[in-house]
Amino acid sequence: MEILRCEGVKKVYGSGGNQVMALNGIDLSVKKGEFVAIIGASGSGKSTLLHILGSVDKPTSGKVIIDGQDISQLGQTQAAIFRRRKVGLVYQFYNLIPTLTVKKNILMPLALDKKQVNKEYFEKIINALGIAKKLEALPSQLSGGQQQRVAIARSLIYRPALLLADEPTGNLDQKNSKEIIDMLKLSNRNLDQTILLITHDEKIALEAERIIILEDGHILSDERRR
C-alpha cells in the first residue's frame, strides 16, 4: 500500500536573478512500512523536502499525497491539523516542553485534539523505547538520548501515517546515536511504522532498507538494499 507519493515536486526560493531551485522535479513513492533514508550534502534539498512532506512548507509546483490526501492544497490551519494527526516529526533538537512531565509531553498531540489515550498502545511504545520508569520526570532530568526517546514516543502516539526524522542523532554521542537508530528500527518492525530518515551520515543511512541520494534538488539514486 502506497503511503506517500510526490509528483513533479519543485520548490523555488527568491525571484528574478536571485532564484534558487531547491527541489527540481521530485518523483517519489513510499509504501507503508518502509524505512527510507534520504541522504545528501548541505544544499542538496533534503531539508526542504522534509519540510514539504511535513506540511511545514508548500511546494512551488507538483503534488504531495500522504495517506490519500494532497497536502500541497491545504491551508495553514488544515496543514497544522494534518501534521499533528498524520505526520510524526523527530528533530535533532528534542523540542520537549520543559515544564511538562515525560508522560504529558508524549500525550500532548492527543490532548490538543481531546482524544482518548489507547493505554495498550501507550504502554507498548514506552516499554519499547525504555522510558516506562521516566514518565513523571521532567525533560531536564533526562539525558540527551532519553529526551530523544521521549520525542520519538510523542511522534508515534497518534499512529502517524509517516514518521519524519531529521538528523535525529545529530546531537548525540555514538552510543546514544546507535540506540536511537535501533529504536527507530524497532518501531518500523514492531509497529509497522513508515519512516523517512534525513541524514548526512552514510553509516546511519545504511541502517535503512532503502537509500535515496539527493543532489542539487534531484534524486540522484534510489536503491533498495533488502
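What follows is a short chat about helix packing and ring contacts in a predicted model.

Reader: Before we start, what do the values rest on?
Author: This is a predicted model, where local features need pLDDT of at least 70, side-chain atom pairs count only at pLDDT 80 or more, and totals for chains, interfaces and linings use all residues. Residues are numbered from 1 along each chain as its sequence is written, and side-chain values use heavy atoms, with hydrogens and water left out.

Reader: Ok, at what angle do α5 and α6 cross?
Author: The axes (lines fitted to C-alpha atoms over the stretch in contact, with angles from 0 to 180 degrees between N-to-C directions) of helix α5, residues 144-156, and helix α6, residues 174-190, cross at roughly 20° and come within 10 Å. Therefore α5 is roughly parallel to α6, a term for angles under 35 degrees.

Reader: And which residues of α5 and α6 meet?
Author: Taking contact as heavy atoms within 4.5 Å, Gly-145, Gln-148, Arg-149, Ile-152 and Leu-156 in α5 meet Asn-176, Glu-179, Ile-180, Met-183, Leu-184 and Ser-187 in α6.

Reader: How close do the axes of α3 and α5 come?
Author: The axes of helix α3, residues 102-112, and α5 come within 7 Å and cross at roughly 30°, which means that α3 is roughly parallel to α5. Val-102, Asn-105, Ile-106 and Pro-109 in α3 meet Val-150, Ala-153 and Arg-154 in α5.

Reader: Switching to rings, what lies over the face of Tyr-121?
Author: Arg-159 lies over that face of Tyr-121, at 3.9 Å from the ring centre, where the rule asks for CZ of Arg within 6 Å of the ring centre and within 35 degrees of the ring normal.

Terms used: Helix = DSSP H or I, 4+ residues; strand = E, 2+ residues; numbered from the N terminus. Parallel < 35°, antiparallel > 145°, perpendicular 65-115°, else oblique.
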